[in-house]
Amino acid sequence: MAYIAFYDCTETDKQQLTELLKLTDHYWEFIDEPLTADNAKPDAEVVSIFVTSNLDEQILAKLPRLRLVCCRSTGFNNVDLKATADRDITVTNVPTYGEQTVAEYAFTLLLALSRKLLPAVQAVHDADIQQTKLTGFDLSGKTIGILGAGHIGQHVAQIARGFGMRVLAYDPYPNEAKAKEIGFEFKELPALLSESDVVTIHMPYTQTNRHFINQETLQDFKSGALLINTARGELVDTKALVAALESGKLGGVALDVLEGEKLLHIEEEKILLRLNSIPQDLLEQSIELQVLGKLPNVIITPHNAFNTFEAINRINEVTAQSITSFWYGETPYKVVPQTNTAMGKLIVVRHAESEWNADGVWTGSRDVHLSEKGFHEAALYGEAIKDIALDFVYTSQQIRAFETMSGMVDTMQQFDVAYDRSAALNERDYGDYTGKKKWEVQKEIGDEAFEKLRRSWNYPVPNGESLKQVYDRVVPFYSDQILPKLREGKNVLLVAHGNSIRSLIKYIENISDEDIAKVEMLFGSVLIYDLDTDGHMLEKHSRQALVDTPKS
């Protein structure tokens, strides 16, 4: 006999689970509230939770007898899987309970947006709302883009086909046979976003796809498109979403899930007010949600897509089955923590303006501080990638790169990120030309030699380094030190110099010796790379950080 604690329980849950478990010899208790450290039951051998509960190390410490965690949901990102694995605790979920249910709800939201249902209802009671303000559009003939073509996404595609829509899908593991059967087409992400009148999200949430929809991906959206999210709130950057709505880039959004959605409830807001110091991230989320909720072209619902009698019954049936089967050594719905095979992102930034950059002087291997303008630029670089969680930072040993990195992480408020400074990433040694103004060197050696000196692959520098020599120290360091961290799924920021970055770009982007001369210095923007396991580019994105770029 096991003691089971069910959390986040409705009256329907209580009735169904009691009926499903009545023939067992288990003892159970229902708790209406989410699981917390305060209401954890120390004697519980089984805990069952909904997405509103978070099971972390602190709560696990309060549950010494726990053997099984049953998530009454498909998602399980609210459970610390490493901590449960370390304690030999089994975790189960409900992998397929409401594909049709959630798909139908996504279309409920879409129809409410496309036909302006909420203002139309309001217009019955408000004579000032003119009918011209209620004009919607037909779905027939429009294009819908589905992010995540799993079970739910496939049901969405079937419904969309019934409406006469063209259906596109993005999925890292495309099922071409299913696409042919249903009648949709897989596309790369930028193409899908630019062609879709409606984008609907049905992806699982992982640490590697947080803010999958962000400032950068929103730029690829078709102007005036609608966005629907019934998956996980963490997949969308709320701040970027507000900006896209205000600019008109998005025509409207309907969200059943939000990052920080607990803050929509008054009790959570009261808790914030009682804190002596409100954490910055919670404060920002609260403000973002308040602004989002006041925009006229936004529909927000309270994580309700799953909520039909049929779906709830399927959830509870699977949960009861997981509990009864566990004691016979069977776990058909066991969650197996995946080894993180996804590559982390490489973020590359050239240092901000130094005191010598401001005067057009070749700095090379000299150690020169940032200018006053440079410190301001470093903060702007940090602001440009504030949505990316950094796991590690590499800089050169030169102070201007280190000062740039420090300004960036301070702005990003990622103060504890680990870093390493390496001479392998130092700027090219300009030898006899170091400390000279560039126009003076150009006058001294002539235009043709000057361009070869600056750009070409293996042009000799008196008592200095060619770009090839820089490459010969940068790339081995990249392969030996940086790439292993990226393979572990860690996001790595690299802050270096014009030529050390050019030599790295040559390797990452497979640029020939001849074509490297065409690669410009990285000024004013941040490069974000998605890479293969050999460290070569799969995809590159650029975010502009500076309006006025520094002098080369």
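User: What makes the crossing of H15 and H16 right-handed?

Analyst: H15 passes H16 in a right-handed crossing. A crossing is called right-handed if the near helix is turned clockwise from the far one by less than a right angle, and left-handed if anticlockwise. Bear in mind that this is a predicted model, where local features need pLDDT of at least 70, side-chain atom pairs count only at pLDDT 80 or more, and totals for chains, interfaces and linings use all residues. Residues are numbered from 1 along each chain as its sequence is written, and side-chain values use heavy atoms, with hydrogens and water left out.

User: And why is H15 called oblique to H16?

Analyst: Helix H15 (residues 372–384) and helix H16 (residues 399–412) pack at an angle of about 50°, with their axes 7 Å apart. Under 35 degrees would be roughly parallel, over 145 roughly antiparallel, 65 to 115 roughly perpendicular, and the rest is oblique. So H15 counts as oblique to H16. The axes are lines fitted to C-alpha atoms, for helices over the stretch in contact, and angles run from 0 to 180 degrees between N-to-C directions. Helices (H or I, at least four residues) and strands (E, at least two) are DSSP runs, numbered from the N terminus.

User: Which residues meet where H15 packs on H16?

Analyst: On the H15 side they include Phe375, Ala378 and Tyr381, and on the H16 side Glu403, Gly407 and Met408 are among them. Contact here means heavy atoms within 4.5 Å.

User: How do you know that Asp32 and Lys14 form a salt bridge?

Analyst: The closest N and O atoms of Asp32 and Lys14 are 2.8 Å apart. The rule asks for a side-chain nitrogen of Lys or Arg within 4 Å of a carboxyl oxygen of Asp or Glu, and this pair meets it. Asp32 lies in the loop between strand S2 (27–30) and strand S3 (46–49) and Lys14 in helix H1 (residues 11–21), so the bridge ties together parts that are 18 residues apart in sequence. The whole structure has 26 salt bridges.

User: Why is Lys14 called buried but Asp32 partly exposed?

Analyst: Buried means under 20% relative accessible area, exposed over 50%, and partly exposed in between (1.4 Å probe, protein chains only). Lys14 has 18%, so it's buried. Asp32 has 42%, so it's partly exposed.

User: What about Lys187 and Glu185: what makes them a salt bridge?

Analyst: Their side chains meet at 3.8 Å, N to O, which is within the cut-off. Lys187 is partly exposed at 21%, and Glu185 is partly exposed too, at 38%.

User: What makes the largest nonpolar core a core, and where does it come from?

Analyst: A nonpolar core is a set of buried Ala, Val, Leu, Ile, Met, Phe, Trp, Tyr and Cys residues joined through side-chain atoms within 4.5 Å. The largest one has 33 residues, with Leu346, Tyr478, Ile482, Leu486 and Leu494 having the most contacts inside it. Among the elements that each supply at least two residues are strand S13 (346–350), helix H19 (467–487) and strand S16 (492–496). H19 gives the largest share, 10 residues. A second, separate core of 32 residues includes Ile213 and Leu255.

User: How do you know that Ala496 is buried?

Analyst: Its relative accessible area is 0%, so Ala496 counts as buried. Ala496 is found in strand S16, and touches residues including Val349, Leu425 and Ile501.

Methods
Lists of a residue's contacts leave out its neighbours within four places in sequence.
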